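Dear colleague,

Please find the structure below, followed by a summary of what was found in it.

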Amino acid sequence: MIHVTAIARRSCQIPRMTSSSARPLRALDDPPGGVLFWLIVGLELVAFAIVFGLVAVMRSGDPAGFHEVHAALDPRLGLALTALLFGSGWAVAEAVHAFREDAIVRARRAYALGLVLGLGFVALKVWDFVHKARSGFGLGASDAWDAYLLATGFHFAHVVVALVMLAWVALRVGRTRFEDPETSVAGTALFWHMCDVAWIFLFPLFFAA
Amino acid sequence: MEHLAARTKRPITLVVLLVLALLSVWSGRLEIALALASLKALVVGLVLMELDHANRVHLAVFTAWVVVVAFGAWLLAT
């Protein structure tokens, strides 16, 4: 049975969106998060795939150098960064669903949690970059260290952009009428989850093995 | 019941992702870590990026990207 959740509308502030585990499949031209953000995310995923490929090629060409990087990297740091990113991704997903259910207070709280965890990731990564540079593993130390710093730096730049977009949306939830809530709310969340996916593949290349 | 399942789906996803990340480090092998990374990426895609409700073409394209990246990284790195 096709069921669409009834959503309480608050004075026409939020255009109609649906949220339910039993909602119907979307049309080809109506992806979750909107076409615009899926185009952006698609291009970014292609760019990240090229980065992963380059790192993998460099790894096969310099196994000793990458072994040195892997040995120098603390797996607890990798796991802490992963936990912060996943935790933030979960909180943002909760915020999107709360917004769709018109639970604005819950959405704001979830956004706040997501932003705090995301900022935690940024702070820890900045510390990592500074610590590595002070330990003599800055850019130019070796090809393997360059690969680590540039690949995670590329990801870091995306995280910062995604956080700015999330903060922009979070500050406006419940206060401003979004012209296109699917793009504004779910689209920015989609970009954030793209950062999760990119990190998921960076993690094994440097931290796990 | 469906509403409860929808509510618990995302916290369970977080726990699954964290457990898989721990297993990746614990395994210490690239091929296992990449296989687990594929699983994690698919979980994120299905639940957090909501591809479970998207058109099947979108899900197929995303799954293809995950498989190509994981297999390609393993092939190029070893």
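The lining of the largest pocket comprises nine nonpolar, two polar and no charged residues (Ala, Val, Leu, Ile, Met, Phe, Trp, Tyr, Cys and Pro count as nonpolar, Asp, Glu, Lys and Arg as charged, and the others, Gly among them, as polar). H1(A) contributes the most to this lining, with six residues. Among the lining residues are Trp38(A), Gly42(A), His58(B) and Trp65(B). A pocket here is an open set of points on a 1 Å grid over the protein atoms alone, where a 1.4 Å probe fits, with protein on both sides within 12 Å along at least five of seven lines; lining residues have an atom within 4 Å of a point.

This is a predicted model: local features need pLDDT of at least 70, side-chain atom pairs count only at pLDDT 80 or more, and totals for chains, interfaces and linings use all residues. Residues are numbered from 1 along each chain as its sequence is written, chains are lettered from A and ligands numbered from 1 in the order in which they are written, and side-chain values use heavy atoms, with hydrogens and water left out.

Turning to the interface, 48 residues from chain A and 42 residues from chain B take part in the contact (heavy atoms within 4.5 Å). Two salt bridges are found between chain A and chain B (a side-chain nitrogen of Lys or Arg within 4 Å of a carboxyl oxygen of Asp or Glu). Arg10(B) and Glu94(A) form a salt bridge through their side chains, at 3.4 Å, N to O. On the side of chain A that touches chain B, H3(A) supplies the largest share, 12 residues (helices are DSSP runs of H or I, at least four residues, numbered from the N terminus).

Yours sincerely

How values were computed: Helix = DSSP H or I, 4+ residues; strand = E, 2+ residues; numbered from the N terminus.
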